[in-house]
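The sequence and the structure come first.

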Amino acid sequence: MFVIRGTHGSNHGKRRQRALSALGAVGIVAGLAAGLPAAPAGAVPVRAAAVTQPHPDGNPVACDGKVYVSFGDPDQLYTADRGPGTVQFSALGNPTSFLYNAIGVNPHDRFLYGTTFGDIGNHLVRFDGDGESTDLGPIDGLPPALYISGTFDDKGNYYVLADNTGEIYQIDVASRSVTNVVNVPALADPELDVFDIAFRDGFLWGSTDDGAVTRIDIANEIVAFFPGVLPGGEDFGGVFTYGNGDLGFFRNSGQLIRVHVKNAAGSNPVFTVLSTQTTTPATNLDATSCFLDSSADLAVRKDGPKKVEAGSEITYRITVKNVGKHDSSGWSLIDDLPARLLSPTTPTDGCEITDGLLSCTGGPLAKGESEEIEVTGTAGNVTSPTTVKNTATVFGDDADPHKDNNTDTASTHVKPGDDD
């Protein structure tokens, strides 16, 4: 069940300071709230002269399956290095002297952009592949506000959501000017706390504080809420899209939760939480990704005994292999273990079993490399010979050109024990 809300009702939302007191930046944000109030509905923003920017000098950011994260005070840009069960942050460049958020990678020039806030006001800032920042100046037509949610679409349009106002501004970074305003009053509710957005299938995706996934229809100015997908009660400050279309949600308390979305553009999308990785807790957290140059053909194989007797041990071995021509930046795997596999356990790093569901995460796999997962349990009692089937599915972080080898099934014939 989900709820759709559109451009109706009054906008009584007030801007929230997004846990910046934990950053020691209360004075900065208080100054923003006093000196840079959000523009009331219908107000004409003060416009600066738009300046067309030439193509940036320097190296663009890497787009071979990289996930970028920024957090802290002072603000620091990082790459998020995914591995078995964990995500490590590696600093990219030096901390900035200003606070920023709403980061995204422009697919046209492959530089990373964000929007500043605090004493500096709302400027467009650009980062190159070495993490070096350039303050490009104010954005023409952008009202003063707190912008903590941002992303680019496939055409290179930059979207930023004004915190607790419901107004989304479409920005042309080349001319540094607002080109469209999307008004979704339902997003103004301060209880929602949508702290970041990512682009997929023509929609802007995010999440609320209570764990609902949000899907914003830009063209029709409506938002759909899909409750119960994520754990509630905490902020998800960073949202990004994997190369295969899955959504990644960084929880400020120190988790990366990966969600697979089937029928994403349909009336009834289906959400599956694939994996959870632990990472460093952070404040002023934001995330984006770039998979433009990333593709990997991952395959999975599941092996197990052909025949066993009830009460005996069963061991399954699952192999994830990169069978393609390009390196993989990472992967997740799920396996809904059969009910007749009792007390399943796994010693494999990066894997866990919860309520019979095996979930694993892995780091980069070079072409030709493989990783093995082991699961052991006890064959449950049966009253007659029974075939137990078990299917594992791998989800590559990158686009996968051949999905027919992402799933494999092992069948085990279980016969009653001697005492049955």
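In which strand is Thr151 found? Thr151 is found in strand S9, where strands (E, at least two residues) and helices (H or I, at least four) are DSSP runs numbered from the N terminus. This is a predicted model, in which local features need pLDDT of at least 70 and side-chain atom pairs count only at pLDDT 80 or more, while totals for chains, interfaces and linings use all residues. Residues are numbered from 1 along each chain as its sequence is written, and side-chain values use heavy atoms, with hydrogens and water left out.

Thr151 counts as buried because its relative accessibility is 7%, buried meaning under 20% relative accessible area, exposed over 50% and partly exposed in between (1.4 Å probe, protein chains only). Leaving aside residues up to four places away in sequence, Thr151 touches several residues, among them Ile103, Tyr158, Ala198 and Phe199, a contact meaning heavy atoms within 4.5 Å.

Gly93, in the loop between strand S4 (87-91) and S5, has 28% relative accessibility and therefore counts as partly exposed. Gly93 and Gly131 lie 38 residues apart in sequence, yet their C-alpha atoms are 4.1 Å apart in space; beyond four places in sequence, Gly93 touches Gln76, Asp130 and Gly131.

The chain has one helix and 31 strands, and 54% of its 420 residues are buried. Of the contacts between residues at least 6 apart in sequence, 63% join residues at least 24 apart.

Confidence is expressed as pLDDT, the predictor's confidence in each residue, from 0 to 100. The mean pLDDT of the chain is 89, with 87% of its residues at 70 or more, but pLDDT stays under 50 over residues 7-49. Where pLDDT is low, the predicted coordinates should not be read in detail.

The largest pocket is lined by 26 residues, of which Asp154, Phe199, Thr241, Ser289 and Leu292 lie nearest its centre. A pocket here is an open set of points on a 1 Å grid over the protein atoms alone, where a 1.4 Å probe fits, with protein on both sides within 12 Å along at least five of seven lines; lining residues have an atom within 4 Å of a point. S21 gives the largest share of this lining, four residues. The lining divides as follows.

| Class in the lining of the largest pocket | Residues |
|---|---|
| Nonpolar (Ala, Val, Leu, Ile, Met, Phe, Trp, Tyr, Cys, Pro) | 14 residues |
| Polar (the others, Gly among them) | eight residues |
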